[in-house]
Amino acid sequence: MTGWFSFLHGEATAGDVLALRRVERVLRDAGLAYDVVWSPGFRADGTHFDDVDPAAYSRLVFVWGPVHGPQVEEVHRRFAHCVRIAVGVSVVDPRSPAVTGFHRVLARDAPGTAPGPDLAARAPALSEVPVVGVVLTRGQQEYGGRRRHEEVAAVLTRWLAGRDCARLELETRLDAHDWRLCGTPAQLESVLARLDLVVTDRLHGLVLALRAGVPVLAVDPVEGGAKVTAQARACGWPALVAAGRPDRAPAKEVLEHWWHWCLTDGRAVAARIGAGFRAADPVPDAADDLVAALRAAPGSGDAGAAPDG
């Protein structure tokens, strides 16, 4: 079986792979053996066209996507001795050699015919994976030589790439003109509240996630600890990893320990902390002392008195 997910310079979309899973299920149920060809750019450890001997096959199935262009035509030339069937595809030009090269085209949509459901719609059910917000910063130059931001970001993004999760890069910066960013705190909080976990090296990545009752795997990107560490302690949040010296990146074992904790016991802890922020008698913060400080400031007069009328 092949498709656009097989070509060196093609692409593998979620729709591609789900359509393939649908066809695989049909073939397995019929007791038919098959091999799948993958793009080396998508699955380096899979079977690639360079690994395949066309003479070893009698049937070729092309799954999903548009049947159009020289890459599809090359498949016809290379597997000319095979019976070639396209399934779940879009036919752009019925006269194209990419289309006419197939012995049978089971189209999803084609000129002059009624469309059928996309193969991905009936793909086998999928297991759920955690949805993880990732909030990182490469700024904070004020920490000078203690900065480990680049190293922390590199370690976290490389580690996250190997986790089975849905990653969503987020930014706490607001922008009323850039559609990719939230324009208000309420918009960002609505996103955070729908996540299973936040991974961050930012103070407000930590605080805003906990405010939404979402567990946080926090890494302090400043050697020796700084405001992320201080805020985790102030909130009573334990899932904190220190950046350490330049030659001591956050250990994979430590990250995985807190990952598991955040997705299990940490859920209840985060929910409790978030509820505490909204309680009738929350933990005091600096703003609680502001009015007294203003009234006590030299030359402030009676800040609470009404103006003369």
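Colleague: What covers the buried residues of α9?

Modeller: The cover includes α6 (203-211), α7 (227-235) and α8 (252-262). Helices here are DSSP runs of H or I, at least four residues, numbered from the N terminus; contact means heavy atoms within 4.5 Å. This is a predicted model, where local features need pLDDT of at least 70 and side-chain atom pairs pLDDT 80 or more, while totals for chains, interfaces and linings use all residues. Residues are numbered from 1 along each chain as its sequence is written, and side-chain values use heavy atoms, without hydrogens and water.

Colleague: Which residues of α9 are buried?

Modeller: Gly 266, Val 269, Ala 270, Ile 273 and Gly 274, where buried is under 20% relative accessible area, exposed over 50% and partly exposed in between (1.4 Å probe, protein chains only). They sit on the same side of α9, because their arc around the axis (taken from directions to the C-beta atoms) is only 135°.

Colleague: And α6 with α7, at what angle do their axes cross?

Modeller: Roughly 20°, with the axes coming within 9 Å. α6 and α7 are therefore roughly parallel (under 35 degrees, on a scale from 0 to 180 degrees between N-to-C directions).

Colleague: Which residues make that contact?

Modeller: From α6, Leu 203, Leu 206, Val 207 and Leu 210; from α7, Lys 227, Val 228, Gln 231, Ala 232 and Cys 235.

Colleague: Different topic. Is Thr 100 buried or exposed?

Modeller: Exposed, at 52% relative accessible area. Thr 100 lies in helix α3 (residues 97-100).

Colleague: What does Thr 100 touch?

Modeller: Pro 94 and Arg 95, leaving out residues up to four places away in sequence.

Conventions. Helix = DSSP H or I, 4+ residues; strand = E, 2+ residues; numbered from the N terminus. Parallel < 35°, antiparallel > 145°, perpendicular 65-115°, else oblique.
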